[in-house]
Amino acid sequence: MDHANGTVLAGPEPTIIVLSIVNMVFSAAGTIGNLVVCVIILSNRDLQIVTNYFIFSLAVADLLVCTIAQPMYVAYILGFQDGAFQSIRRTFTFVSVLASVSNLWAVTIDRFLAISSPLKYPQRLNVKRTNILLFIIWKLAIVLGVTAAFIRVARIFVQIFTIIMIACIIPLYIRIFIVARRHARLIIHQLAYFNSMQYAAVQIRKERENIAAKTVGTVLLLFALCWMPLQIIPFFYRLYPEKLMGAFVWVNTLALCSSSFNPVVYSWKMESFRRKVKRVLRLSLVNGKMSRPPSNSTKIGDEETNV
């Protein structure tokens with residue numbers, strides 16, 4: 001995503017080279033990380049729950065950035081600025097950011113319902129409703145993203161929409177943590193009414209809900225910190241064009257690199273997810289070793305000679 005005028009992002013040549021390398025490194029890391037997230041969720045039935053449907057959808061949006069938008073941005077800052085190329089790059093960037101912020105909004109509502117109304121939660125947001133919601137999210141992201149790639153007014157709308165969505169999610173997340181703390185205090189006060197098995201079950205469920213909420217909250221915070229500068233700066237570009245021109249290449253890089261952060265957050269915050277990541281990586285290494293051709297070497301006595 002670039003500023004409203006779509007002008008060339010200028011900067012010293014060494015800066016452009018360094019940022020190109022940074023973008024490609026994060027592009028590769030984000031592609032691997034988000035692919036691992038998708039594989040883990042698809043291959044483990046115990047992870048195929050409503051919250052993880054949104055996380056899977058978010059990983060797909062991040063893959064669009066890491067595999068397409070970010071490499072195309074590197075080509076752009078290195079000087080390849082063909083009109084059709086620019087339109088494709090903008091399309092994928094806008095679609096991914098719209099899908100990401102919408103998925104974050106949906107998963108925030110999911111966490112709010114799970115913590116505030118745990119008994120009614122399964123009926124309010126079941127798998128069927130989740131799939132319908134994901135279809136709506138992606139349809140709107142594609143329609144608005146494609147439109148924003150070609151029409152300046154639509155770009156401004158997307159920027160305002162993203163800012164409003166993030167601004168609305170943050171207070172809701174504060175509310176989630178307040179409710180979670182209140183429930184924790186209620187459980188402690190009602191300890192006398194539970195036997196040990198019941199208390200352990202309630203504690204485990206609440207701990208899972210809290211971990212999920214903290215994980216999504218961390219993802220949301222990173223998204224806001226990385227994408228908000230890119231949404232806000234264009235509104236001030238006309239006032240300070242010379243000062244802000246050089247900033248765009250940096251804020252674009254920050255926003256695009258954020259797509260590689262989420263797999264790290266999932267592995268850091270969620271122990272079950274971390275175990276499955278280790279298992280996938282271990283199996284990949286084992287399969288890699290098994291698929292290697294045998295070494296063309298023969299041993300004669302204690303000496304080894306390569307044939």
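1. Helix α2 (residues 50-77) and helix α3 (residues 83-116) have axes that come within 8 Å and cross at roughly 160°. That makes α2 roughly antiparallel to α3 (angles over 145 degrees count as roughly antiparallel, under 35 as roughly parallel, 65 to 115 as roughly perpendicular and the rest as oblique). Axes are lines fitted to C-alpha atoms, for helices over the stretch in contact, and angles run from 0 to 180 degrees between N-to-C directions. Helices are DSSP runs of H or I with at least four residues, strands are E runs of at least two, and both are numbered from the N terminus.

2. The model is predicted: local features need pLDDT of at least 70, side-chain atom pairs count only at pLDDT 80 or more, and totals for chains, interfaces and linings use all residues. Residues are numbered from 1 along each chain as its sequence is written, and side-chain values use heavy atoms, with hydrogens and water left out.

3. α2 passes α3 in a left-handed crossing (the near helix is turned anticlockwise from the far one by less than a right angle; clockwise would be right-handed). By class, the contact of α2 with α3 has 20 nonpolar, seven polar and four charged residues. Here Ala, Val, Leu, Ile, Met, Phe, Trp, Tyr, Cys and Pro count as nonpolar, Asp, Glu, Lys and Arg as charged, and the others, Gly among them, as polar.

4. α2 also packs with helix α5 (residues 127-150), at an angle of about 20° and with the axes 10 Å apart. That makes α2 roughly parallel to α5. The crossing of α2 past α5 is right-handed.

5. On the α2 side of this contact (heavy atoms within 4.5 Å) are V50, Y53, F54, S57, V60, A61 and L64, which meet V127, T130, N131, L133, L134 and W138 in α5. The residues of the contact divide into 10 nonpolar, three polar and no charged.

6. An unreviewed UniProt entry lists "transmembrane region" at residues 16-42, 54-79, 91-109, 130-151, 157-178, 215-237 and 249-268; such annotations may be inferred rather than shown by experiment, and feature names are shortened. In the model, residues 54-79 are 92% helix and 0% strand, with end C-alpha atoms 36 Å apart. Residues 91-109 are 100% helix and 0% strand, and their end C-alpha atoms lie 27 Å apart.

7. The protein chain has 11 helices and two strands, in the order α-α-α-α-α-α-α-α-α-α-α-β-β from the N terminus. Of its 307 residues, 45% count as buried (under 20% relative accessible area with a 1.4 Å probe, protein chains only; exposed is over 50%, partly exposed in between). Among contacts between residues at least 6 apart in sequence, 79% join residues at least 24 apart.
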